Amino acid sequence: MELISSLGNSTFENYVGLGTGYTEMAYQMSAHVLTLGYAVMLAGLLYFILTLKTVAPRYRISSVLSVVVMVSAFLLLLVQQQNWTGALSYDVETARYVLGSSTDLFNNGYRYLNWLIDVPMLLFQILFVVTLTKSNFSSIRNGFWFSGTAMILTGYVGQYYEVTNPALFFVWGFISTVFFVHILYLMKKVIDEGKEGAPPKAKAYLGTIWKLFLFSWMLYPGAYLMPYLFGGLEPAIDSEMAVVARHITYTVADVSSKVIYGILLTLTAQEMSKAEGYDYEKMENAI
C-alpha cells in the first residue's frame with residue numbers, strides 16, 4: 001500500500017524500481033533492447049529512402065509513409081530509451097538500479113504517442129500497394145483511421161491503471177481489443193482483395209504480410225498484459241523479468257510491424273511494378 005500511495009497511477013516498471021530494484025543484467029538488457037529499437041528504425045529509414053525509386057510512381061506513397069513512420073519511431077523510441085536510463089540510478093549499497101528521488105518516472109506513454117502517429121500510417125500504406133476489387137477505398141481508409149486511433153487512445157488510458165485499479169485496466173484493455181479486432185477484419189479483407197489479379201510473387205508476399213501482421217500485432221496485447229502474465233491475479237510489481245519481457249516484446253513487435261512490414265510492402269510493390277512494365281533494375285542497366 002505504501003508503494004501505491006507514493007507512485008500512484010504509474011506503470012509497474014516504476015514499482016519494481018522503487019521496490020526490489022533492477023539487477024545489472026535486467027537494467028542493461030532493457031537499455032540495450034530499447035537502443036536496438038530506435039537504431040533499427042534509423043536503418044529502416046535509410047532503406048526506404050534508398051529504395052524509393054525501385055517501385056513505379058503510383059506505389060511510392062507507400063514508401064513515403066514508411067519514411068514518416070521511421071522518423072516518428074526513431075525520435076520517440078530514442079526518448080523512450082532516455083526515459084528508462086534517466087529514471088533509474090545505480091545504488092552502490094544494494095548493487096541495483098533503483099528509481100531516482102529527483103528524476104522523472106518511467107512512462108510507456110512515449111510508445112503510445114509513437115503508435116498514435118504510426119498506426120494510421122502503417123494501415124494506410126497497404127492501400128497504396130494493392131487494388132481493392134470490392135471495397136471502397138475511402139471507407140476502408142476511414143475504418144483504419146478510426147479504429148487505429150481509438151485502439152491506441154483506449155490502451156493509453158488503460159495503462160495508467162495497471163497497478164492501482166486492475167478492473168479499469170482490463171476494461172480499457174477490452175475496449176481497445178474491440179477496435180483491434182476490427183482492424184484485423186479490415187486488413188484481412190484488404191489482403192484478400194489485393195491478391196486477386198496480383199502477380200504470383202506479389203501474391204506470396206501479401207500472404208506473408210498477413211502472417212506477419214497477425215504475429216506482430218498480437219504481441220502488443222501480450223506486452224500490455226505482461227504485469228499479470230508474471231503476477232497472476234496481482235500485478236508483478238516485484239518482477240524485473242516481467243519488465244525485461246515487456247521491453248523485448250514491444251521492441252520485437254515494433255520492428256516487425258514497422259520495418260519488416262514496410263520491406264515486404266516494398267517487395268510487393270516492386271513485383272507489381274514489374275508486372276506493369278516498370279523494372280528499375282533493367283532501367284539502371286540500360287543507363
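Let's start with M25, which sits in helix α3. This is a predicted model, and in it M25 is exposed, because its relative accessible area is 60% and anything over 50% counts as exposed.

Together with M29, F215, I248 and V252, M25 makes a nonpolar surface patch of about 460 Å². Two elements, α3 (24–50) and α10, each give two or more residues to that nonpolar patch.

## The largest pocket

Next, the pocket. The largest one has a volume of about 390 Å³. Its lining takes in 21 residues, and those nearest the centre are M151, S176, Y220, P221 and Y224.

Which helix gives the most to the lining of the largest pocket? That would be α7, with 6 residues. The helices that each supply at least two lining residues are α5 (109–125), α6 (137–159), α7 (166–195), α8 (200–224) and α10 (240–275). Sorted by class, the lining of this pocket has 15 nonpolar residues, 5 polar ones and 1 charged one.

## Salt bridges across the chain

Now for the charged pairs. Side chains of opposite charge can pair when their charged atoms come close. Searching the whole structure turns up 9 salt bridges.

One of them joins R58 and E276, with the closest N and O atoms 3.0 Å apart. This pair links distant parts of the chain: R58 is in the loop between α3 and α4 (60–87), while E276 is in the loop between α10 and α11 (280–286), 218 residues apart. E276 counts as partly exposed, at 45% relative accessibility.

Another salt bridge brings together the side chains of R96 and E240, at 3.7 Å from N to O. R96 lies in strand β2 (residues 96–99) and E240 in helix α10, so this pair ties together parts that are 144 residues apart in sequence. R96 is partly exposed at 27% relative accessibility, whereas E240 is buried, with a relative accessible area of 16%.

Are they buried or exposed? K258 is buried, at 1% relative accessibility, and D254 is buried too, with a relative accessible area of 1%.

Technical notes:
Residues are numbered from 1 along each chain as its sequence is written. This is a predicted model: local features need pLDDT of at least 70, side-chain atom pairs count only at pLDDT 80 or more; totals for chains, interfaces and linings use all residues. Side-chain values use heavy atoms; hydrogens and water are left out. On a 1 Å grid over the protein atoms alone, a cavity is a set of points where a 1.4 Å probe fits but cannot get out, and a pocket is an open set with protein on both sides within 12 Å along at least five of seven lines; lining residues have an atom within 4 Å of a point. Grid points are joined across faces, edges and corners, and a volume is the space filled by probe spheres set on the points. Helices (H or I, at least four residues) and strands (E, at least two) are DSSP runs, numbered from the N terminus. Ala, Val, Leu, Ile, Met, Phe, Trp, Tyr, Cys and Pro count as nonpolar, Asp, Glu, Lys and Arg as charged, and the others, Gly among them, as polar. Patches are made of residues with over 30% relative accessible area and no salt bridge: like charges are joined within 9 Å, nonpolar side chains (Val, Leu, Ile, Met, Phe, Trp, Tyr) within 5 Å. Accessible areas come from the Shrake-Rupley method with a 1.4 Å probe; for residues, only the protein chains shown count as cover. A salt bridge is a side-chain nitrogen of Lys or Arg within 4 Å of a carboxyl oxygen of Asp or Glu. Buried means under 20% relative accessible area, exposed over 50%, partly exposed in between (1.4 Å probe, protein chains only).
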